[in-house]
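Subject: Structure handover

Hi,

Here is the structure for your pocket work. My notes follow below it.

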Amino acid sequence: MDGAQVGGRADPAIVVRGLRKSYGDVEAVRGIDLNVPRGEIFAILGPNGAGKTTTVEILEGHLARSGGEVSVLGFDPGNHERSFRERIGIVLQSASVDPYLSVGETIELFRGYYPDPLPRETVLELVGLSAQRGTLVRRLSGGQQRRLDVAIGLAGDPELLFLDEPTTGFDPSARRGAWEMIRGLRSLGKTVVLTTHYMEEAEYLADRVAILVKGAIVAEGSVEELVRRGAHTTIHFRVEGPSPPGHLAAEPAGDGGAYVITTVEATAALHRLTGWALEEGVELQELTVAAPSLEDVFLSLAGSSGRNGGP
Ligand code: ATP
């Protein structure tokens with residue numbers, strides 16, 4: 001049976017094959033494959049209009065797909081089974097909750113929708129709102145309200161939690177706190193699917209990342225793998241006097257003898273550069289070596305072609 005749950009916890013949380021979604025003429029998702037093991041934090045990154053929301057809404061069962069196969073916790077989300085909805089938690093960008101209820105009452109309300117909810121105190125502790133249990137929702141700070149959104153997503157003790165841009169608008173310390181909270185969910189064995197525009201968030205949290213551009217996955221793997229595979233180290237320096245010879249592949253970078261070398265073989269490039277400088281007896285000034293980051297990979301994949309990924 002298509003929608004039946006296929007038992008064992010060793011099954012991946014999410015399996016997607018050839019997923020497609022069109023809105024009229026707009027092909028928002030063009031045949032993507034995903035495999036998310038249980039207990040993993042999986043981040044979906046992509047420029048605006050890449051198809052992230054569309055993909056996640058199909059996984060949640062909120063949107064019908066145009067083609068392909070989708071299994072989430074062993075269910076086809078398109079079948080809208082109640083037992084599926086009870087096993088997932090969804091944290092939207094802004095949940096609408098009654099501002100005149102207290103934090104504790106709000107959690108209680110949402111616990112009531114599930115057959116086997118987490119104890120209220122556990123939810124409060126997980127999101128760090130124990131001290132605010134009696135506070136009215138309208139009196140919470142923005143960061144605390146976002147924690148409450150997560151608390152609502154956790155109330156039913158979901159196996160899989162969807163987090164849509166969980167820290168947008170946070171100050172740096174609130175963001176750190178939220179990251180610790182999300183990491184805590186992993187240690188409880190929850191699977192988390194995260195969409196975010198913050199590269200450092202994905203770097204800090206995600207076991208694996210998929211980069212979506214124009215409805216297709218252009219890169220997938222751990223942050224380390226993506227960085228190793230796709231990006232370049234940049235070596236900046238300034239030198240007075242002789243110009244660096246051609247074999248160093250140094251490009252002028254502004255005035256005053258500044259240069260940049262972009263390379264996937266940083267060790268060899270540095271060796272050549274410093275060898276040349278010693279031979280010439282010149283000093284390399286302002287020498288910096290910048291390791292590639294997820295942001296570099298993202299920009300190289302999404303930067304030129306990813307903007308407003310329409311038809
Ligand atoms: P963002 O980062 O801006 O939220 P996204 O990656 O989530 O973007 P989607 O919202 O999934 O992207 O949109 C993917 C494509 O589908 C875009 O070209 C968008 O304009 C189009 N699209 C999304 N929803 C609809 C809709 N209901 N009707 C028509 N086109 C849509």
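Start with the largest pocket: α2 (82-85), β5 (88-91) and α5 (142-154) each supply at least two residues of its lining. Helices (H or I, at least four residues) and strands (E, at least two) are DSSP runs, numbered from the N terminus. β5 gives the most, with 4 residues.

This is a predicted model: local features need pLDDT of at least 70, side-chain atom pairs count only at pLDDT 80 or more, and totals for chains, interfaces and linings use all residues. Residues are numbered from 1 along each chain as its sequence is written, and side-chain values use heavy atoms, with hydrogens and water left out.

The lining of the largest pocket has 17 residues; Arg85, Ile88, Ile90, Phe110 and Tyr114 lie nearest the centre. A pocket is an open set of points on a 1 Å grid over the protein atoms alone, where a 1.4 Å probe fits, with protein on both sides within 12 Å along at least five of seven lines; lining residues have an atom within 4 Å of a point. By class, the lining has 9 nonpolar, 3 polar and 5 charged residues. Nonpolar means Ala, Val, Leu, Ile, Met, Phe, Trp, Tyr, Cys and Pro; charged means Asp, Glu, Lys and Arg; the others, Gly among them, are polar.

Now a sheet. It is open, with 4 antiparallel strands in the order β11-β12-β10-β13. Strands pair if DSSP finds at least two bridges between them. β10 (residues 233-238) and β12 (residues 258-263) pair over 6 bridges. Phe237 stands opposite Tyr259 in β12.

Best wishes
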